[in-house]
Amino acid sequence: MTAGLGLGRPQTQAIVGDEDVVRVRQLVRTVAVAAKLSLVDQTKLVTAASELARNTLVYGGGGQVEVTTVDNGRRQGVRIVFTDSGPGIPDLELALTDGYTTGGGLGLGLSGARRLVDEFDIQTAVGQGTRITVTKWSR
Amino acid sequence: MERVPVLKIGDILLVSIQLDMEDQTALQLQEDLADRIVATGCHGVIIDITALDIVDSFVGRMLSTIAAISKVLDAETVVVGMRPAVAITLVELGLSLNGIRTALNVERGMELIAASREETDDWAVDLDEADPGQAATST
């Protein structure tokens, strides 16, 4: 764990159905309000979470999300970790390209979500799953 | 799964989305609207998203699809009431909402539809004058 990084108590939510994507949005909204993100930053983070939760469901075959408030001593923020044990992403660079999709969507989920947050990390292995961590800091 | 109600007001169908929609609810709305346009012969659709605190790529695509479906069914779609934070987020996400007309509120949306119907009517009159033979056969 990063030195000097304060972590709140993580809240988890399973993603196994359509209705869980709605629950993830609501959970992220609640935590973002508690972390005092601005309205625009809340909106960006909830939108990114919605995209990533849908990816976890559609491409990862379901998984879970963990939402935590973080504090780096100067600013508060929200960290969200999406984990699935799905097929993984064979070509990460391609998957992060605007307009690329294998699922019939617009191909903006992953690339768009990355633009909406401050920090974006993706760990993926074919056949093992994907773990995406995003952080949004208050300004 | 909840359903979004579609209201008929004169020549216009009004949809006010008041809930955090599951993806299936959004897809159902597309079908419901197509059915109602054909059943009522309405020439305008207003989708009020005042209550939506986010529009992600899925809902964005739904709006574009509804506009396209309406168009081939001879109806004009106007999306009204987008919150400023939602607009900022949409642009950053990379969604352009191609083919969608927007207005600030329901009233202006209705004016927009009325104005565009007038244009269409004028055009029809011009055609009749230009080619009386065709006008005669079409009546």
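## A walk from helix 1 of chain B to the partner chain

Start by selecting two sets of residues in chain B: from helix 1, take B:Asp23, B:Ala26, B:Leu27, B:Leu29, B:Gln30, B:Leu33, B:Ala34 and B:Ile37, and from helix 2, take B:Phe58, B:Met62, B:Thr65, B:Ile66, B:Ile69 and B:Ser70; these are the residues through which the two helices meet. Colour them by class and you get 10 nonpolar, 3 polar and 1 charged. Keep in mind that you're looking at a predicted model.

Now show the helix axes. Helix 1 of chain B and helix 2 of chain B pack at about 10°, with the axes 10 Å apart.

Next, bring chain A into view and select the contact between the chains: 20 residues from chain B and 23 residues from chain A. For the interface as a whole, the area buried between chain B and chain A is about 2000 Å², with carbon and sulfur atoms giving 56% of that.

Go back to B:Asp23 from your opening selection: its side chain meets that of A:Arg54 in a salt bridge, 2.6 Å from N to O.

Switch to cartoon for the side of chain B that touches chain A. The elements giving two or more residues to that side are helix 1 (23-40), helix 2 (57-72) and helix 3 (84-93) of chain B. Helix 3 gives the most, with 6 residues. By class, this side of chain B has 9 nonpolar, 4 polar and 7 charged residues.

For the last stop, move to chain A. Over all chains the count is 16 salt bridges, and one to zoom in on joins the side chains of A:Asp41 and A:Arg139 at 2.7 Å, N to O. A:Asp41 sits in helix 2 (residues 39-58) of chain A and A:Arg139 in the segment after strand 6 (129-137), so this pair ties together parts that are 98 residues apart in sequence.

Conventions:
Residues numbered from 1 in each chain as written. Chains lettered and ligands numbered in written order. Predicted model: local features only at pLDDT ≥ 70, side-chain atom pairs only at ≥ 80, totals over all residues. Heavy atoms only, no water. Contact = heavy atoms within 4.5 Å. Buried area = accessible area lost by both parts, 1.4 Å probe. Salt bridge = Lys/Arg side-chain N within 4 Å of Asp/Glu carboxyl O. Helix = DSSP H or I, 4+ residues; strand = E, 2+ residues; numbered from the N terminus. Nonpolar A, V, L, I, M, F, W, Y, C, P; charged D, E, K, R; others polar. Axes fitted to C-alpha atoms, helices over the stretch in contact; angles between N-to-C directions.
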